[in-house]
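Here's a quick briefing for anyone meeting this structure for the first time.

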Amino acid sequence: MRSRTHITNLYGVGGIATVAQRRTVEVAKQLDFNEISILYDNGLRDPEEFDKKVAGILAGLEVGDTVIFQSPIWITSKVERDFIDRVRQYQGKVAIFIHDIPPMMFEGNRELMPLFIELYNKADLLIVPSENMKDYLISKGVTIEKFVIQNLWDIPVDFISNSETKYLPRINFAGSDEKFGITENINSNDIELEIYDHKPEDKLIPDNVHYHGYVDEVKLLSELHEGGFGLVWTEDMYWREYMKYNASYKVSTYLRAGIPLIVHRDISCRKLIEDNHWGIVVDSLKEAVERVKAMSEDEYRKYVESVSKVSGLLGDNYFTKKVLVDTLYEL
């Protein structure tokens, strides 16, 4: 009997964590993968409950099947390690698709890193966000030899794009202004700053700063498509360090919308951005503002033309398909 390929899908957790796994599974199903549904359930922490629950989760698995496990599932690394051990009993191949690494995301969890390294070493292959992440994990003790590099998240969303993307002295930022320290570090009054975050009630807002509040993904892409630049940034040094390794949804969102990027030179996908002429790489927000103000319309148009090529790929799930196909090939 021909072995089958399965991929896990997490339910019961909100935000990007759920969206990313769900979208990956939708592409996997087009490639004839089977879904293994995992409900976020603290009952999995209980050893007496674990065996019974996991037996139900893996009911469709047969000897020799391949499993792609999307990690993390936001319960504990022990649950993930024990889950992989159960999958291993079916004697098939196992790949772990690393979406995020909690010990790298949260400073208080740093001491948990060896436990995640133990988890990753249970796999035959790791899907990682970047070459930087691959090198980092190896430096921390990962010993497996097979890796697939993700690079970018797909954004398979159609949006209204009736008008041409315009050259505008505008910087767009989708995210928490307070958390990432954007407006307080952009002091230029002749750059329009569009913030997709809730307007603070106790703060004097300059005339050039416009808060849009929360908008859904289609509306966000439509409004971003009007023009300007998409900023991927943080003034928080801990998060900036993490951005050296992870794949940012903001990067993909701006590219899907068809606008060029502004990024810090330490970002994980810097080489992709520079090689493909997707935007400008800077050391500070002050430099970013200067570069935007000095840019000619012709120069901006060349960026937009380059970005338009990857925008269609992101809308067609190109990068997810490639990751999954490359994983099967490597396994």
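**Salt bridges, strands and a charged patch**

K78 has a relative accessibility of 48%, so this residue counts as partly exposed. Keep in mind that the model is predicted. Let's start with the charged pairs, then move on to the strands and the surface.

**Salt bridges**
- The count of salt bridges comes to 26.
- K78 pairs up with D82 in one of them, with the closest N and O atoms 2.6 Å apart.
- D82 and K78 sit four residues apart in helix α3 (residues 77-88), so about one helical turn separates them.
- R81 forms a salt bridge with E118, at 3.7 Å from N to O. Since R81 is in helix α3 and E118 in helix α5 (residues 113-120), this pair ties together parts that are 37 residues apart in sequence.
- R81 is buried at 11% relative accessible area, while E118 is partly exposed at 39%.
- A network of salt bridges links D41, E49, K52 and K53.

**Strands**
- Strand β11 (residues 261-264) points L261 and V263 one way and I262 and H264 the other, and all are buried.
- β11 pairs in the parallel sense with strand β10 (residues 227-232) over three bridges; G230 has L261 as its bridge partner.
- β11 also runs parallel to strand β12 (residues 279-282), joined by four bridges. Here V263 is partnered with V281.

**Surface**
- E178, E184, E201 and D202 form a negative surface patch.
- D202 is found in the loop between β8 (192-196) and β9 (209-211), and counts as exposed because its relative accessibility is 75%.

Notes. Residues numbered from 1 in each chain as written. Predicted model: local features only at pLDDT ≥ 70, side-chain atom pairs only at ≥ 80, totals over all residues. Heavy atoms only, no water. Patch = residues over 30% accessible without salt bridge, like charges linked within 9 Å, V, L, I, M, F, W, Y side chains within 5 Å. Areas by Shrake-Rupley, 256 points an atom, 1.4 Å probe, with all protein chains shown as cover. Salt bridge = Lys/Arg side-chain N within 4 Å of Asp/Glu carboxyl O. Lys, Arg positive; Asp, Glu negative; His and termini not counted. Charge placed at Lys NZ, Arg CZ, Asp CG, Glu CD. Helix = DSSP H or I, 4+ residues; strand = E, 2+ residues; numbered from the N terminus. Buried < 20%, exposed > 50% of the residue type's maximum accessible area, 1.4 Å probe, protein only. Pairing = 2+ DSSP bridges.
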